[in-house]
Amino acid sequence: MRGSPFSDRNTKTSDKTTINVTDGTLIPLKDEGALLSAWNISFFGAIALLILLPILSPDPYLRILSFVPDGLVATFSVTLISIFFALLIGLFAGLGRISQKRSINRIATVYVEIIRGIPLLVQLFYIYYALGPLLRLEGPTAAIVAMSICYGAYMAEIFRAGMQAIPRGQMEAALALGMSRSMAMRKIIIPQTIRIILPPIGNEFIALLKDSSLVSILAVSDLLRRGREYASTTFRYFESYTVIALIYLVMTLFFSRLVAMMEEKLRHRGKVH
Amino acid sequence: MEKYIEIIDAVKNFGSVKALQGVSIPVKKGEVVLIIGPSGSGKSTLLRSINRLERLDSGRILIDGESVTDPGADIRHIREEVGMVFQSFNLFPHLTVLDNITLAPICVLKKSKDEAIESARRLLAKVGLSDKEKAWPEQLSGGQQQRVAIARALAMNPKVMLFDEPTSALDPEMIKEVLDVMTELAREGMTMLVVSHEMGFARAAAHRIIFMDAGQIVEEAPPDTFFTSPREERTRKFLEHIL
């Protein structure tokens, strides 16, 4: 899963305005030919297999394919709801990380350090089983809570890095115009931050999509669990998990291309207009 | 005329660096004061304390009788009336030229959008950039960006304008277009404090030149006497370097 809290190898700050967090899949940009062709091979290869296998051998592939869509819905719901709350937590924790108020800064930093130091799987167990008697959360709810809290810490670091990448003169110009610090954050700093953190956030989304497979352990009928259910009743382990792997692959590659397109569009905004 | 800005015994240290060591300057309404001095002499720090981008360690600053340095000061209100132009322009890159100028009047002064746009267009005409209102900052040259920055500051209807090395980041051929705007502003009677080494501007528009070194005022005089017969040896040495 994720690195230790002290390792920054996931976060590379190359210069003042671009931050580059590599974690999900490789993001193929238009100008990177080799990577783009690797993406094409993987993406269209996976799609071709998902079409050909059920045609060539409907039993079991077509059956598997018709068995797993509920899981897909669960996987997406858990991912989307978690990313929403993770962004919310991340924004406030990130603001806390750069806060000049020492107590707020301390709380936010301790949160980030603790959460980044504990594997997501352990956090899932902790909220579902260890705090189960106390919180009494259903499997899906516990999964969303754990993933939001976990990814919130990673998002916080992205927000922090993004906000710190904005030149100090931007805040000074806003203050000099009579804006309050919070208005300057809302009108000047955060809009510019979002522009540079969208790619890393897209990356986190892809990572979260993959990590959401962990929630199958908490009795959540996600994509992986549906595959396992099919496999355990039919003993078609190879075929079931092949289909599951291909579906994950298509999804993550699709989203990584989407992130790349978004990045290209953002890069050009402000130049062509 | 009475004192409009009063800087009284301003002291500021950055760690062991003594940026300001007891600087006092009175500025009259409509006066244009040019502050010059070698880098590290404290001139930018002084300018930035006037709208409290830097906080003084001791001393007081009053603008039109209102204290800037008092801990309970309504600093946001004071900043509304003190325009500032920076060396690095600091336009907001995610907003068009027009939005750069109208943002603060709309959000801070609560002007209506139409009213803000109308006055922004008037200011853009004044700085000679009427055709650029839809442009993004990065599409403009440095000189154009700085003129937009001046228009943005003027849109707040300030009583005082602070210029922190407004032409230092510009290519030589763009300096004039910015100085022309500043000279025009000075003629209209704006109270201005300018940190700059532009001697042409000093001769054309400044009422008084203050030479600072090592956090202290070394000498001050009207431009003609300042350039022709400086009293202090340090001033003479410095002038030899920049003239």
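**Exercise 1.** In which kind of crossing, left-handed or right-handed, does α3(A) pass α4(A)? Describe how the two helices pack.

Solution.
1. The model is a predicted one. In it, α3(A) goes past α4(A) in a left-handed crossing.
2. The residues that make this contact are Ile89(A), Ala93(A), Gly96(A) and Arg97(A) on α3(A), and Ile104(A), Asn105(A), Ala108(A), Thr109(A), Tyr111(A) and Val112(A) on α4(A).
3. Sorted by class, the contact of α3(A) with α4(A) comprises six nonpolar, three polar and one charged residues.
4. Two packed helices are described by the angle and the distance between their axes. For helix α3 (residues 69–97) and helix α4 (residues 102–117) of chain A, the angle is about 125° and the axes are 7 Å apart.
5. Angles of 65 to 115 degrees count as roughly perpendicular and those over 145 as roughly antiparallel. α3(A) and α4(A) are therefore oblique to each other.

**Exercise 2.** Decide whether Arg147(B) is buried or exposed, and list what it touches.

Solution.
1. Arg147(B) is part of helix α5 (residues 142–154) in chain B.
2. Buried means under 20% relative accessible area. Arg147(B) has 11% relative accessibility, so it counts as buried.
3. Leaving out residues up to four places away in sequence, Arg147(B) touches Val127(B), Gly128(B), Leu129(B), Glu177(B), Val178(B) and Val181(B).

**Exercise 3.** How many residues does each chain give to the contact between chain B and chain A, and what area is buried?

Solution.
1. Chain B supplies 24 residues and chain A 22 residues.
2. About 2,100 Å² is buried between the chains, with 61% of it on carbon and sulfur atoms.
3. On the chain B side, Phe92(B), His94(B) and Trp136(B) lose the most area to chain A, together 27% of what that side buries.

Conventions
Residues numbered from 1 in each chain as written. Chains lettered and ligands numbered in written order. Predicted model: local features only at pLDDT ≥ 70, side-chain atom pairs only at ≥ 80, totals over all residues. Heavy atoms only, no water. Helix = DSSP H or I, 4+ residues; strand = E, 2+ residues; numbered from the N terminus. Buried < 20%, exposed > 50% of the residue type's maximum accessible area, 1.4 Å probe, protein only. Contact = heavy atoms within 4.5 Å. Axes fitted to C-alpha atoms, helices over the stretch in contact; angles between N-to-C directions. Parallel < 35°, antiparallel > 145°, perpendicular 65-115°, else oblique. Left-handed = near helix turned anticlockwise from the far one by under 90°. Nonpolar A, V, L, I, M, F, W, Y, C, P; charged D, E, K, R; others polar. Buried area = accessible area lost by both parts, 1.4 Å probe.
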